[in-house]
Structures are given as C-alpha cells and as structure tokens.
Amino acid sequence: MSTLILALAAGAVVGLALGALGGGGSVLAVPALIYLLGFDPVDATTASLVIVTVTSLTALYGHARAGNVRWKAGALFAAAGVLPAAAAGAAASRLPQPVLTAAFAVVAGVAAAGMLRPARAEGERTAAVRPARAAGAGAGLGALTGLLGVGGGFLAVPALVTVVSLEMRAAVGTSLLVISANSVAALAVRGAATTGVEWAVVGPFVAAAVLGARDGRRLADRVSGAALRRVFAFALLAVAAFMLADALL
C-alpha cells in the first residue's frame with residue numbers, strides 16, 4: 001500500500017510540473033522511480049518512457065484540437081530523432097548504473113539552468129529554418145530520450161523556436177509530437193531488453209500524472225510562470241546534486 005501511495009504522490013507532482021510548465025516532468029519522474037519506488041536506473045528510465053509517452057500523447061490531443069501542432073515540421077524534426085532514440089535505448093541497458101545516474105544528473109542540471117534563464121522574446125526567433133541544424137537538434141533530442149528516458153521538452157521547445165522558427169505556443173504543441181515519436185521508438189527497442197514494466201506501480205503513477213497535469217494548468221493561471229520556473233529549477237538543482245553525489249560516492 002505504501003508503494004501505491006508513493007506512486008500516486010510522485011505521479012501527481014510530475015503531472016503538476018508538466019501541466020504548469022509544459023515540460024520537464026520526466027526529469028522528476030526518473031529520480032522518483034529510483035529513490036522513492038526502488039527502481040534501478042535502467043528500469044526507471046524505461047518506466048519513465050512509458051510515463052512520458054502516455055502524458056505526451058494525452059497533452060498532444062488537447063494541443064492538436066487547439067491548432068497548436070505543426071505536423072509537417074514536427075514530423076521532420078522527429079524523423080531525425082527516431083533512429084538515435086532507438087539506438088540509445090538499446091545502449092542504455094549496457095551502460096553501468098553509476099554512468100546513467102551521473103548522466104541524468106547532468107541533464108537535470110542543464111534543465112534547471114534553462115529554467116532559470118529569461119525566456120526569449122517572440123521577436124528573437126530565427127528568420128528561416130536551417131535543415132542541417134534541425135536534423136542535428138532532432139537527432140540529439142532523440143538520443144537523449146532513448147538513453148535517459150526523458151522527453152526533453154525543456155530542450156525541444158527552445159530548439160523548435162530557434163531552429164525551426166515556430167512561435168512559442170506552436171513549439172510547445174509540436175514538441176509533444178516529437179517527444180511521443182522518440183519515446184515510442186526507444187520503448188520499441190527496450191521492450192526486448194528489459195524484464196518488463198511494473199504496471200502495478202507505473203499504472204497509478206501515469207494516472208496520477210495525467211490528473212495532476214490538469215491541476216497544473218489551473219495553477220499556471222494563478223501563479224506567474226517565472227515564479228513556477230524558479231521553484232522547479234531549484235528543485236531540479238537539488239535533485240541533480242543528490243544524484244551526482246550518489247553516482248560518484
């Protein structure tokens with residue numbers, strides 16, 4: 001019963017972050033799965049991919065209905081990341097656990113730094129799409145998703161704004177298409193290399209995350225985005241420091 005309660009609580013927090021900030025929830029999901037629910041790093045990143053896929057597809061539906069998804073641009077960006085996501089997903093099971101933990105800590109720190117930086121103005125978008133840069137950014141995001149089980153929304157949204165020249169609202173909606181495609185590719189490879197997902201834990205986690213995302217959207221309407229991002233960033237920095245110390249000691 002305690003495991004179920006922890007899964008529900010962790011899922012609610014992850015969903016709250018996703019709903020309030022539009023991304024970054026999976027960066028909290030992996031530490032929660034490892035340190036609260038007893039998963040090893042490889043199984044935690046696989047379970048996180050399930051969580052990312054379900055929550056991203058759920059959110060994608062809403063953004064698509066609102067007309068915020070640029071399907072052609074998203075498909076091209078995602079296509080560059082599918083093979084790297086699959087390859088990285090296969091490699092993850094062969095890496096030592098401390099290496100995965102340390103790598104995840106670094107990514108959490110980068111995400112926190114991105115949250116603390118001032119948001120770019122709409123007028124600062126690049127004027128034209130650069131195909132080579134778009135392909136490189138898509139491939140890098142796919143590899144990150146496959147290896148560490150994170151959706152990478154905190155990287156996908158800025159990339160879609162600066163490289164693909166989308167406005168912010170369209171970038172958020174389109175990033176969900178990219179994240180979903182990368183997560184499915186990574187899961188397809190990991191399915192044969194893992195012992196299976198613990199649905200008794202992951203199922204409640206996902207359900208709580210989906211419900212928490214609704215409350216997060218309401219919270220975003222009441223609290224300034226800058227304040228939410230600062231709180232989330234400092235929480236991520238604490239998580240990153242703890243995980244890095246755990247990997248090195």
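**A chat about the model**

Mentor: V106, V110 and L155 make up a nonpolar patch on the surface, and together they have about 240 Å² of accessible area. This is a predicted model, where local features need pLDDT of at least 70, side-chain atom pairs count only at pLDDT 80 or more, and totals for chains, interfaces and linings use all residues. Residues are numbered from 1 along each chain as its sequence is written, and side-chain values use heavy atoms, with hydrogens and water left out.

Trainee: What counts as a patch?

Mentor: Patches are made of residues with over 30% relative accessible area and no salt bridge; like charges are joined within 9 Å, and nonpolar side chains (Val, Leu, Ile, Met, Phe, Trp, Tyr) within 5 Å. The areas come from the Shrake-Rupley method with a 1.4 Å probe, and for residues only the protein chains shown count as cover.

Trainee: Where does V110 sit?

Mentor: In helix 5, residues 97-116. Helices (H or I, at least four residues) and strands (E, at least two) are DSSP runs, numbered from the N terminus. V110 counts as partly exposed because its relative accessibility is 45%; buried means under 20% relative accessible area, exposed over 50%, and partly exposed in between (1.4 Å probe, protein chains only).

Trainee: How many helices and strands are there in the chain?

Mentor: Ten helices and zero strands. Of the 249 residues, 47% count as buried.

Trainee: Switching to charges: how many salt bridges does the structure hold?

Mentor: One. E167 pairs with R70, with the closest N and O atoms 3.8 Å apart. The cut-off for a salt bridge is a side-chain nitrogen of Lys or Arg within 4 Å of a carboxyl oxygen of Asp or Glu.

Trainee: Which parts does that pair tie together?

Mentor: E167 lies in the loop between helix 7 (153-162) and helix 8 (168-190), and R70 in the loop between helix 3 and helix 4 (71-92), so the pair links parts that are 97 residues apart in sequence. E167 is partly exposed, at 38% relative accessible area, and R70 is partly exposed too, at 32%.

Trainee: OK, inside now. How many cavities of 30 Å³ or more are there?

Mentor: One, and the largest cavity holds about 30 Å³ of space. On a 1 Å grid over the protein atoms alone, a cavity is a set of points where a 1.4 Å probe fits but cannot get out, and lining residues have an atom within 4 Å of a point. Grid points are joined across faces, edges and corners, and the volume is the space filled by probe spheres set on the points.

Trainee: Which residues line the largest cavity?

Mentor: V30, I34, P41, T45, L100, T101, F104, L148 and M243. Helix 2 (25-36), helix 3 (41-65) and helix 5 each give two or more residues to that lining, and helix 5 has the largest share, three residues.

Trainee: How does the lining divide into nonpolar, polar and charged?

Mentor: Seven nonpolar, two polar and no charged. Ala, Val, Leu, Ile, Met, Phe, Trp, Tyr, Cys and Pro count as nonpolar, Asp, Glu, Lys and Arg as charged, and the others, Gly among them, as polar.

Trainee: And is L33 buried or exposed?

Mentor: L33, in helix 2, is buried, with 0% relative accessible area. Its C-alpha is 8.6 Å from that of T45, twelve residues away along the chain.

Trainee: Last one: how far apart are G216 and L16?

Mentor: 200 residues in sequence, and 4.2 Å in space, C-alpha to C-alpha. G216 is in helix 9, residues 199-222, and G216 is buried, at 0% relative accessible area.

How values were computed. 1 Å grid on protein atoms, 1.4 Å probe; cavity = no way out; pocket = protein on both sides within 12 Å on 5 of 7 lines; lining within 4 Å.
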